[in-house]
Amino acid sequence: MVLSKIASESDVSVHSTFASRYVRESLPRYKMPENSIPKEAAFQIINDELMLDGKPRLNLASFVTTWMEPECDKLMMDAMNKNYVDMDEYPVTTELQNRCVNMIAHLFNAPLGDSEAAIGVGTVGSSEAIMLAGLAFKRKWQNKRKAEGKPYDKPNIVTGANVQVCWEKFARYFEVELKEVKLREGYYVMDPEKAVEMVDENTICVAAILGSTLNGEFEDVKLLNDLLVEKNKVTGWDTPIHVDAASGGFIAPFLWPELEWDFRLPLVKSINVSGHKYGLVYAGVGWVIWRSKEDLPEELIFHINYLGTDQPTFTLNFSKGSSQIIAQYYQLIRLGYEGYRNVMENCHQNAIVLKQGLEQTGRFNIVSKDIGVPLVAFSLKDNSRHTEFEIADMLRRFGWIVPAYTMPADAQHVTVLRVVIREDFSRALAERLVLDITKVLHELFAACENQC
């Protein structure tokens with residue numbers, strides 16, 4: 001006689017995940033559970049909860065890459081278990097990073113000889129890159145002040161009030177005064193003349209932004225350089241410039257190669273750029289490049305040998321994945337100059353399409369510029385009845401994530417919406433977004449007319 005077997009709660013092999021007890025139990029939130037659960041259940045439960053996140057490609061708030069080719073995805077997955085810091089164990093990965101540094105340095109017109117290696121390092125993003133560049137400026141300034149027998153305890157950096165928060169972090173974490181040039185309505189980037197006026201003998205550098213987070217505009221690095229050259233001549237100082245090209249560093253060389261903002265300007269000593277923005281790599285990679293060896297004090301570089309051979313290191317962290325470094329090299333050789341130019345031209349043209357569509361509604365002022373990061377920043381001409389925040393909230397119903405925010409001092413009374421155009425944002429999506437914004441406007445103002 002054959003007896004049937006009744007599956008127990010623990011015999012999960014005959015259950016689907018949704019027939020098991022795991023979907024009716026609360027998920028652990030603060031303490032690790034006592035018992036294990038099947039891998040299928042863990043995957044399904046987490047996957048289901050993640051469905052409530054927004055869709056990355058419709059996240060128009062972010063500058064960060066949200067699409068890469070399947071071939072690059074595979075390279076990244078294959079390298080997930082490689083710790084980048086193990087240079088002796090993974091020498092090819094180290095070589096790929098060095099190739100990226102040299103390619104980017106040449107892209108930024110670093111004054112290198114034919115066989116001269118560039119000075120730079122891969123980071124987890126522009127925030128770390130800025131920290132490293134800032135530390136180099138601070139240490140070099142301190143060394144000079146010590147040699148001259150002058151006080152070296154009150155360093156400062158001059159920036160615009162439009163800088164990304166990582167500059168504020170650097171100033172606070174490493175005890176550097178942040179001197180900000182205030183903005184004004186209609187002018188949302190650092191004014192070079194006002195910036196140079198704020199420079200004093202304790203200024204370790206002036207930070208210029210190539211692609212403001214607020215409206216995508218490029219600051220006038222050439223004018224800043226020329227004004228600072230003259231001030232240095234008069235004062236005897238040698239105040240340098242750092243260019244924060246987190247967003248614009250992979251745009252300007254391809255769309256406006258004649259624009260002077262990089263190492264062609266003598267006072268530009270270091271540049272950071274985000275590989276995970278318009279470098280077209282998933283989040284987790286940035287770069288900082290120095291003009292020459294003299295601009296990176298040797299005492300900031302550590303040498304270790306407990307992973308094998310002598311390894312120089314200048315980073316804030318230690319262990320990190322190799323995948324993004326490999327992905328950056330893939331993009332540089334896969335696309336080349338031609339491919340990057342085509343991608344940036346597409347982004348720029350789609351930004352123009354979106355801008356023109358918004359202008360045709362008659363409801364918005366455009367506060368972004370045609371020369372800059374491919375984004376559209378815009379504000380309501382009349383926000384007395386409805387605000388930009390309402391529009392941002394209502395667009396969520398269509399799946400769009402469009403941020404609304406106020407400008408920094410002294411333009412904090414201005415509120416804008418911002419749409420970042422990335423590689424995977426097509427003209428069809430731009431046109432669809434205009435239609436959805438038009439629907440939102442109609443609904444908002446129709447409701448107001450009925451109530452007013």
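Predicted model: local features only at pLDDT ≥ 70, side-chain atom pairs only at ≥ 80, totals over all residues.
**Entry 1, cysteines.** I looked for disulfides over the whole structure and found zero. For C72 the reason is distance, because its sulfur lies 11 Å from the closest cysteine sulfur, that of C100, which is too far for a bond, while a disulfide is counted only for sulfur atoms within 2.5 Å. I then looked at C100, which is likewise in no disulfide, with the sulfur of C72 as its nearest cysteine sulfur.

I read off a volume of about 700 Å³ for the largest pocket, and I noted 27 lining residues, with G120, L296, I301, P312 and T313 nearest the centre. Helix α3 (91–107) and the strands β1 (119–123) and β9 (311–313) each supply at least two residues of this lining, and α3 gives the most, with five residues. Sorted by class, I have 14 nonpolar, 10 polar and three charged residues around the largest pocket.

At least two lining residues come from each of α4 (126–147), β4 (203–209) and β6 (268–274), with α4 giving the most, at seven residues. I sorted this lining too, and it divides into nine nonpolar, four polar and 10 charged residues.

My search of the whole structure for cavities of 30 Å³ or more gave two. The largest cavity holds about 80 Å³ of space, and its lining consists of 13 residues, of which A351, I352, K369, D370 and L375 are the closest to its centre. Both α9 (323–361) and β11 (375–380) supply at least two residues of this lining, the largest share being the four residues from α9. By class, I noted seven nonpolar, three polar and three charged residues around the largest cavity.

I noted about 60 Å³ of space in the second largest cavity, which is lined by F63, T65, T66, W67, K277, Y278, L280, R422, E423 and D424. Four of these lining residues are nonpolar, two are polar and four are charged. I also looked up which domains contribute, and found that domain 2 (73–334) and domain 3 (345–447) each give at least three residues to the lining of the second largest cavity.

Note on methods:
Residues numbered from 1 in each chain as written. Heavy atoms only, no water. 1 Å grid on protein atoms, 1.4 Å probe; cavity = no way out; pocket = protein on both sides within 12 Å on 5 of 7 lines; lining within 4 Å. Points joined across faces, edges and corners; volume = space filled by probe spheres on them. Nonpolar A, V, L, I, M, F, W, Y, C, P; charged D, E, K, R; others polar. Domains from an automatic or database assignment.
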